[in-house]
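Here are some notes to read with the model open. Please go through the points in order and find each residue as it comes up.

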Amino acid sequence: MNTVASPDSRLARNGLLTAGMRVLTIVVFAVVPLYLVGSLIHYEAVDRATPLAFFDFHAFWGAGKAVLHGHSPYPPASESVLAHETAFVYPAPAAILMVPFALLPFKVAGTLFALILVASIPLALRLLGVRDWRCYGLVLVSAPVANAVNVDAVSPLLLLGLALVWRYRDRVVPAACALAAVVALKLFLWPFLLWFAFTRRFVTALVATALIAVVSLVSWAVIGFDGLREYPDVLRALSHLLEGKGYTPVALALALGAGRTVAQIVPWLIGGAILVLVGLRGRRPGADTWTFTVVLAAAFALSPIAWLHYFILLFLPIALIRPRLSWLWALPLALWVVRGQSDQPLIWQHNPTFRDMALSPRIGAWPQIVFCLGCAAIVFALTAWPRSPRSPEAPA
């Protein structure tokens with residue numbers, strides 16, 4: 001005899017299903033991301049040997065120590081020194097910023113800096129208008145964030161800085177200060193100075209440029225202008241050593257066998273074309289979103305070096321057009337396939353516990369570079385294309 005489920009039993013099953021989905025959502029978007037980030041910080045702070053822990057932070061912490069003791073934080077423009085990838089090569093303001101951390105023991109300072117990096121990510125998303133907490137979890141579980149936390153890289157701070165630039169783009173002083181801060185940390189974001197000019201925010205562009213000049217000059221003065229004359233040579237030597245190991249058009253050209261001169265022209269052709277497009281069409285009403293996205297793509301194209309953690313900035317255009325959870329937020333998760341540098345093996349292949357950077361290949365594997373650049377190109381295309389400039393919609 002057939003039995004018909006009572007309404008109460010159906011309601012009970014639906015309630016259990018709803019509760020199960022809520023628990024699963026919390027586990028996937030909160031517990032797993034927080035566990036991953038916490039495990040990475042614990043491993044670097046407690047379990048890993050000091051020479052390898054918070055790898056990038058060694059250079060920052062050492063620069064702060066040098067400033068405290070009245071020494072130059074900069075290495076000589078020697079490829080034999082720079083090839084180990086442990087020297088401080090950032091602009092002078094970054095060295096001054098690290099002085100408070102240099103007062104602490106290395107692992108304490110590295111842990112504190114890692115916590116600041118993690119905290120800056122949800123703050124940046126909040127500034128960009130993202131209110132769906134599940135988006136926060138997806139960002140924290142992505143490979144660029146894991147790589148940034150693992151080595152204590154400043155990329156999450158760049159995400160926060162650009163979020164401030166966007167949030168206060170129509171206010172001269174806050175926007176100029178935020179942009180000056182990110183460019184002072186990472187020079188490859190200089191195209192955003194042009195973005196302000198292209199979108200007719202000329203005063204903001206001028207103020208930001210002046211701030212960058214003043215902050216840089218004061219920072220160099222604090223360290224007695226030590227290393228200022230040699231700094232351009234340091235950057236050239238560094239680019240010569242590392243530009244083939246990143247995820248950039250120049251790295252791809254080198255991996256495909258192009259000569260160095262040709263490879264260095266390629267990013268200027270791509271990035272220059274993008275900036276010309278923005279310059280021609282960026283003044284139209286309602287063009288802020290897509291031009292901001294496209295200028296970020298130009299910055300990536302023009303950068304001679306880009307490691308995996310740089311691609312945390314892909315979440316910025318996604319946040320601008322999809323402030324709630326959508327499949328676009330999952331696209332950067334594909335970057336778990338690759339590692340921090342394109343000369344390292346794929347994620348499922350053996351990765352040596354330690355290797356001397358000076359002995360590693362200077363050219364990465366082209367399939368990995370194509371994969372990483374392809375993921376970035378898809379994100380930029382999907383986030384910029386729907387926001388092509390158009391006339392403002394009539395009010396409803």
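**Notes on the predicted model**

1. Leaving out residues up to four places away in sequence, Ser-360 touches Lys-245, Asp-343 and Arg-355. With Lys-245 there is a polar contact, side chain to side chain, at 2.9 Å. Asp-343 is 17 residues from Ser-360 in sequence, and the two C-alpha atoms are 7.8 Å apart.

2. Where does Ser-360 lie? Ser-360 is in the loop between α17 (315–321) and α18 (366–384). Its relative accessible area is 11%, and the cut-off for buried is under 20%, so Ser-360 counts as buried.

3. Asp-132 is another loop residue to look at, placed between α6 (106–127) and α7. Is Asp-132 buried or exposed? Its relative accessibility is 4%, so Asp-132 counts as buried. The side chain of Asp-132 makes a polar contact with the side chain of Arg-134, at 2.8 Å. Beyond its neighbours within four places in sequence, Asp-132 is in contact with Pro-323, Arg-324 and Leu-325.

4. Next comes helix α7, which covers residues 133–140. This helix is largely enclosed by the rest of the structure, because six of its eight residues are buried. The buried residues in α7 are Cys-135, Tyr-136, Gly-137, Leu-138, Val-139 and Leu-140.

5. Now the nonpolar cores. In soluble globular proteins, nonpolar side chains tend to be buried together. The largest nonpolar core here has 127 residues. Which residues have the most contacts inside it? They are Phe-57, Leu-189, Leu-313 and Trp-329. A second core is separate and has five residues, among them Phe-55, Ala-148, Val-151 and Met-357.

6. For helix packing, look at α10 (residues 172–185) and α12 (residues 202–222). Their axes are 8 Å apart and the angle between them is about 45°. The crossing of the two helices is right-handed.

7. Which residues make the contact between α10 and α12? From α10 they are Val-172, Ala-175, Ala-176, Cys-177, Leu-179, Ala-180 and Val-183. From α12 they are Val-203, Thr-204, Val-207, Ala-208, Leu-211 and Ile-212. When looking at the spacing of these numbers, recall that an α-helix has 3.6 residues a turn, so residues three or four places apart point the same way.

8. Check the backbone at Glu-85 and Phe-225. Phi of Glu-85 is positive, near 60°, and Glu-85 is not a glycine. Phe-225, also not a glycine, has a positive phi of about 60°. Glu-85 sits in the loop between α3 (79–82) and α4 (92–97), while Phe-225 is in the loop between α12 and α13 (231–242). Glu-85 is buried at 16% relative accessibility, whereas Phe-225 is partly exposed at 39%.

9. Arg-22 and Ile-305 are 283 residues apart in sequence, with 42 Å between their C-alpha atoms.

How values were computed: Residues numbered from 1 in each chain as written. Predicted model: local features only at pLDDT ≥ 70, side-chain atom pairs only at ≥ 80, totals over all residues. Heavy atoms only, no water. Core = buried A, V, L, I, M, F, W, Y, C linked by side-chain atoms within 4.5 Å. Buried < 20%, exposed > 50% of the residue type's maximum accessible area, 1.4 Å probe, protein only. Helix = DSSP H or I, 4+ residues; strand = E, 2+ residues; numbered from the N terminus. Contact = heavy atoms within 4.5 Å. Polar contact = N/O pair within 3.5 Å; in protein donor to acceptor, adjacent residues only side chain to side chain. Axes fitted to C-alpha atoms, helices over the stretch in contact; angles between N-to-C directions. Left-handed = near helix turned anticlockwise from the far one by under 90°.
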